[in-house]
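The stops below can be selected one after another.

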Amino acid sequence: MKIERIISWFNKTNEELLGEYNIDHIDLDILKQIFPSKEEDPLLYDPYTIHRKEAKKLQPYLKDFTFELEKFIYQIDCFQL
């Protein structure tokens, strides 16, 4: 079982999915520091909304990606492949 984590972003008006960016290169322990996991979700399988605070912490790990929080809604998603 392979797990893939991505940043998804959505149109603020109609919540249409606009894109995805793979973040498998970011260690789970780092993500858990940025998004404190719930007791029932220790491996961050649930979606987590990315607000300004989280975006600022994630940005150093993202080479070709910049958040535009004024335009889009962002979240971390996890999928089993």
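Begin by selecting Glu68: at a relative accessible area of 32%, this residue is partly exposed, since it falls between the 20% limit for buried and the 50% limit for exposed. This is a predicted model. Glu68 and Lys71 meet in a salt bridge, with 3.2 Å from N to O.

Keep the view here and select Glu70 and Arg52. Their side chains also form a salt bridge, at 3.8 Å from N to O. Glu70 sits in the loop between α2 (52–58) and β4 (72–80), while Arg52 belongs to helix α2, so this pair ties together parts that are 18 residues apart in sequence. Are the two partners buried or exposed? Glu70 has 58% relative accessibility and counts as exposed. Arg52 is exposed as well, with a relative accessible area of 55%.

Next, go to Lys2 and Asp24. They form a salt bridge in which the closest N and O atoms are 3.5 Å apart. The pair links distant parts of the chain, 22 residues apart: Lys2 is in the segment before β1, and Asp24 is in the loop between β2 and α1 (28–34). Lys2 counts as partly exposed because its relative accessibility is 45%. Asp24, at 33% relative accessibility, is also classed as partly exposed. How many salt bridges does the model hold by this rule? The count comes to four, and the pairs visited so far are among them.

Stay in the segment before β1 and select Met1, which is placed there. Met1 counts as exposed, with 73% relative accessibility. Together with Met1 they form a nonpolar patch on the surface, with about 340 Å² of accessible area in total.

Now hide the side chains and look at the strands in cartoon. In what order do the four strands of the open sheet run? The order is β2-β1-β4-β3, and the pairing is antiparallel. Strands β2 (17–22) and β3 (48–50) stand at the edges with a single partner strand each, so one side of each has no neighbour in the sheet. From one strand to the next, the twist averages 30 degrees.

Zoom in on β1 and β2. Strand β1 covers residues 3–11 and pairs with β2 in the antiparallel sense over five bridges. Then select Ser8, which has Glu20 of β2 opposite. Follow the chain into the hairpin of β1 and β2, where five residues lie between the strands. Select Glu15 there: this residue takes a positive phi near 60 degrees.

For the last stop, return to Ser8 in strand β1. Is its side of the picture buried or exposed? Ser8 counts as buried, because its relative accessibility is 1%. Show the side chain of Ser8 together with that of Asp77. A polar contact of 2.5 Å joins the two side chains. Compare this with Met1, where the tour met an exposed residue at 73% relative accessibility.

Terms used
Residues numbered from 1 in each chain as written. Predicted model: local features only at pLDDT ≥ 70, side-chain atom pairs only at ≥ 80, totals over all residues. Heavy atoms only, no water. Pairing = 2+ DSSP bridges. Helix = DSSP H or I, 4+ residues; strand = E, 2+ residues; numbered from the N terminus. Axes fitted to C-alpha atoms, helices over the stretch in contact; angles between N-to-C directions. Buried < 20%, exposed > 50% of the residue type's maximum accessible area, 1.4 Å probe, protein only. Patch = residues over 30% accessible without salt bridge, like charges linked within 9 Å, V, L, I, M, F, W, Y side chains within 5 Å. Areas by Shrake-Rupley, 256 points an atom, 1.4 Å probe, with all protein chains shown as cover. Polar contact = N/O pair within 3.5 Å; in protein donor to acceptor, adjacent residues only side chain to side chain.
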